[in-house]
2 protein chains.
Amino acid sequence: MQANYTPLSPQSFLVRNARVYPDKPAIVYGGRQTTYREFLERACRLANGLIELGITAESNVALLAPNTPAHLEANFGVHMAGGALVAVNTRLSPQEIAYIVKHSEARVMLVDAEWVPQIAPVMGAMDALEHLIVIEDEAAPEVDWPDGAVTYESFLAGASSGYPALFPENENQTIAVNYTSGTTGHPKGVMYTHRSAYINGVCDVLETSMNAHSVYLWTLPMFHCSGWCYTWGVTALGATHVCLRKPTPASIVEHILEHRVTHLCGAPIVLQMIADGAKAAGIERFEHGLKISTAAAPPSPTIIEHMIGLNAEVVHVYGLTETYGPMTVCEVQREWLDGPIHERARLMARQGVPYMLAEDLQVLDDRDRPVPADGRTMGEACMRGNIVMKGYFRDPEATEKAFRNGWFHSGDLGVMHPDGYIELKDRAKDMIMSGGENISTIEVENVLIAHPAVTDVAVVSRPDEKWGEVPVAFVTLNGADNASETELIEFCRERLAHFKAPKAVIFEELPRTSTGKVQKYLLRERLWQGHERRIN
Amino acid sequence: MQANYTPLSPQSFLVRNARVYPDKPAIVYGGRQTTYREFLERACRLANGLIELGITAESNVALLAPNTPAHLEANFGVHMAGGALVAVNTRLSPQEIAYIVKHSEARVMLVDAEWVPQIAPVMGAMDALEHLIVIEDEAAPEVDWPDGAVTYESFLAGASSGYPALFPENENQTIAVNYTSGTTGHPKGVMYTHRSAYINGVCDVLETSMNAHSVYLWTLPMFHCSGWCYTWGVTALGATHVCLRKPTPASIVEHILEHRVTHLCGAPIVLQMIADGAKAAGIERFEHGLKISTAAAPPSPTIIEHMIGLNAEVVHVYGLTETYGPMTVCEVQREWLDGPIHERARLMARQGVPYMLAEDLQVLDDRDRPVPADGRTMGEACMRGNIVMKGYFRDPEATEKAFRNGWFHSGDLGVMHPDGYIELKDRAKDMIMSGGENISTIEVENVLIAHPAVTDVAVVSRPDEKWGEVPVAFVTLNGADNASETELIEFCRERLAHFKAPKAVIFEELPRTSTGKVQKYLLRERLWQGHERRIN
């Protein structure tokens, strides 16, 4: 080892804090506590067990589990064996799970007992899979083991607890492969490096002013972008992870109070759950203070106000699986705090500026030149720097395309404001081209959500003989107030150019992904049956 | 440029925050404010001007200035030209300054006007020097310019303000050369890299929980280890630097109150100045809260208590020029806060554990094996990781010696406690070998400082025919109480093994370095005249 160089790796975080805070709770789950000493020891056992199974550098190890201690342990143990963790979304169908495990070529898979029945029928489709390790949990239903499976605890017990000392020689070695949600086509495996996992983990905690006394609640799924790299960042500080198997309004609020949680992350739906849970429990204020990072959709004025009332500060961040989770933050300028809440919410609804350690973020035109910073000219949000993925696993063509001209192309469309903040207007594939005019579906949605009767909305395109395509709104009403289709269309026409107003309104619950994003492609598929939609 | 890799460099911090906080005060000095936009622009001008003078990668640029905005600007502008900053200690003699400038081969030197008369007589001894740039300052006396000198402001005005885009291709390029204080022999030039400056700058602000709203007061000299890398860390956050030309008890306290300073660094002498200044100003408490990182000597129980009373938290850190300033921190465990103040001070007096991003720190025996963690067995504090220097400038032999067996050898002697915290007992060269027994001079000093009449103390060796060497104490009394030589020796004999008690006590003011360390070598030289001292 060199005196003056160590490859950047989150392994260092766990090793350091097992020394500094050996007896401090690293992980709290139900009635169980894991100290930092035990956290390192269990990660070492997992690593040594995996090495026994032949895991080496560049081996992928699959995992299917909710936010449990084992999931956190795998975020260290797998790469301490040299391998890369493939944490699969627990809400996928058996076929989707099998596709990812097969594509990743994982020979070993860890599965929470609750998901064993899910994967049992598709075991045969996971070509490379040789070893199944079942994570038992008091809170999981009892299930039958598939033949040859071992339990996680017996696997750890059978392995050595010594530090495997397989520190990566190269900090650009792959530490995780996170599959995109794949709204179109097959999911792609986004490769993360040790170096960037380290940098973004540190950046997460810098941006949210966390420290060693912080308590982080796992409402955000850990399988999503390695938990936005908080799996590593919280560990870097020696702070405490609180795991939560099933987030509900009641369970989130209970955990916040019981553990004096200081930080958590989640889509706006999580903020809504907190508001609902607090109301149900008669909580008016979290006295100890709370900071919430939210992404996937801008937080509305209503929810920001709700959170302020509860003594919770909201941080709006944005990113993609390809950028290790969030890589932009809407830094709140001091003077915003003086303005009215609606104005603050409008400013905070923007996706913002690069994360402290994220390097560059621009809005580029179709020749990859920056658009004018006028808040109007549309372009594609593009990033470059250390918080951009290594590439897509076994897909050099898609990697090359995403990285053309030295930028990562996000596929998100937006504008650059004069103050250097970006604001997204739409996904490239959601943008509606109507009679030669661009319609930002987000713009139309923002108008409809302001209607007092509307609680949820998604605007998508429908084929149209005359205009090519036109907007249609899917709307959920609050149940108390009412609004007709004509009334809502008129509401839009009063506030928008007429061609942007939806041509029809359909009332129903919206389909959402595990991370709270509306699955517009499902809505669009229904409207486009029998037609082919062309996008740029 | 690559989409997914940017060399780690503090340049990114300034570029980012000129975008995020263009109009926010980056630097406050007297009645002047420099915004982040101006900070970047002035650093760019400095860089472009230096490029015009032929500065390229690996060129050293010398600087002699107190804690002014120009000093901060040089901490970015010089490396934005590709060069490395050699910030010289302003308290050195003209001959010492000339030695360093000559050794660094600097062709360009920036000098604060106040120091022009200092260097005028030795200009001829700085062989490579071609360009002198004088930094004028309202607070500096008026002086005559040497022939050919230009003023800093005219130099900036004549240069382009465009971003020079000389981002380092290699993150291990040298960003600064900081000369050691050279208590024995000539000072050595410690080379810092862009990568490690970035990492330690981030680590500083993580360890002290700073954020974008923090206000940092420059009591620590910026020429000391690049201001312990806070020059870069504070800038990373987009926080505010408050410059202070001449720290006095009154000026420090005034600045803390006027600017609501949240963080500062300094030797224990700075803490004493704060206590004195607050008392003189009738301040009982800094209502907004303050955090102070201190090094060079452990903070005493008295000073810790004083600071707690003022609502100031003390963080004890330790490091050397070779470790970018602090690389260990005595992390305060929660349970320490419950104990009595003396017990807390005893625990906090230890140098502690590695900084969050510092990797490894051990106490090694003379064959570079870890000593037992028993709090008793003495060894040398050794470090390895990203916060260890690149090497000594033009001195491969000294570099190789310092890095033997893959560790940086600090020359500081200490023990490893069972809880993983290190505690220094002495500098290798200060340790007294008396009749085959080691005497830690710090141990004897800790006894003497507890005597009510003693305010300052240093123990050094004196040659002795029988024992080889024996301890002698230099003591400053508080002026109010009194204590005789016999009384103090007896005080030690009651509390220590008798061979550790000083054989003589000399009453006088102690000589200190610019950073508050007692210059024991000066005291020792007096006692050893005509003798040769051998150390291991």
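A crossing of two helices is left-handed if the near helix is turned anticlockwise from the far one by less than a right angle, and right-handed if clockwise.

**Entry 1: ground rules.** I am working with a predicted model, where local features need pLDDT of at least 70, side-chain atom pairs count only at pLDDT 80 or more, and totals for chains, interfaces and linings use all residues. Residues are numbered from 1 along each chain as its sequence is written, while chains are lettered from A and ligands numbered from 1 in the order in which they are written.

**Entry 2: a helix pair.** I looked up helix 1 (residues 11-20) and helix 2 (residues 36-52) of chain A, whose axes come within 8 Å and cross at roughly 140°. Helices here are DSSP runs of H or I with at least four residues, and strands are runs of E with at least two, numbered from the N terminus. Axes are lines fitted to C-alpha atoms, for helices over the stretch in contact, and angles run from 0 to 180 degrees between N-to-C directions. Helix 1 and helix 2 of chain A are therefore oblique to each other (under 35 degrees is roughly parallel, over 145 roughly antiparallel, 65 to 115 roughly perpendicular, the rest oblique). I noted their crossing as left-handed.

**Entry 3: a sheet.** Next I found an open sheet in chain A, with four strands in the order 17-18-20-21 and antiparallel pairing (a pair needs at least two DSSP bridges). Strand 17 (360-364) and strand 21 (422-427) of chain A are at the edges with a single partner strand each, so one side of each has no neighbour in the sheet. I count five bridges between strand 17 and strand 18 (residues 379-384) of chain A; Val363(A) has Ala381(A) as its bridge partner in strand 18.
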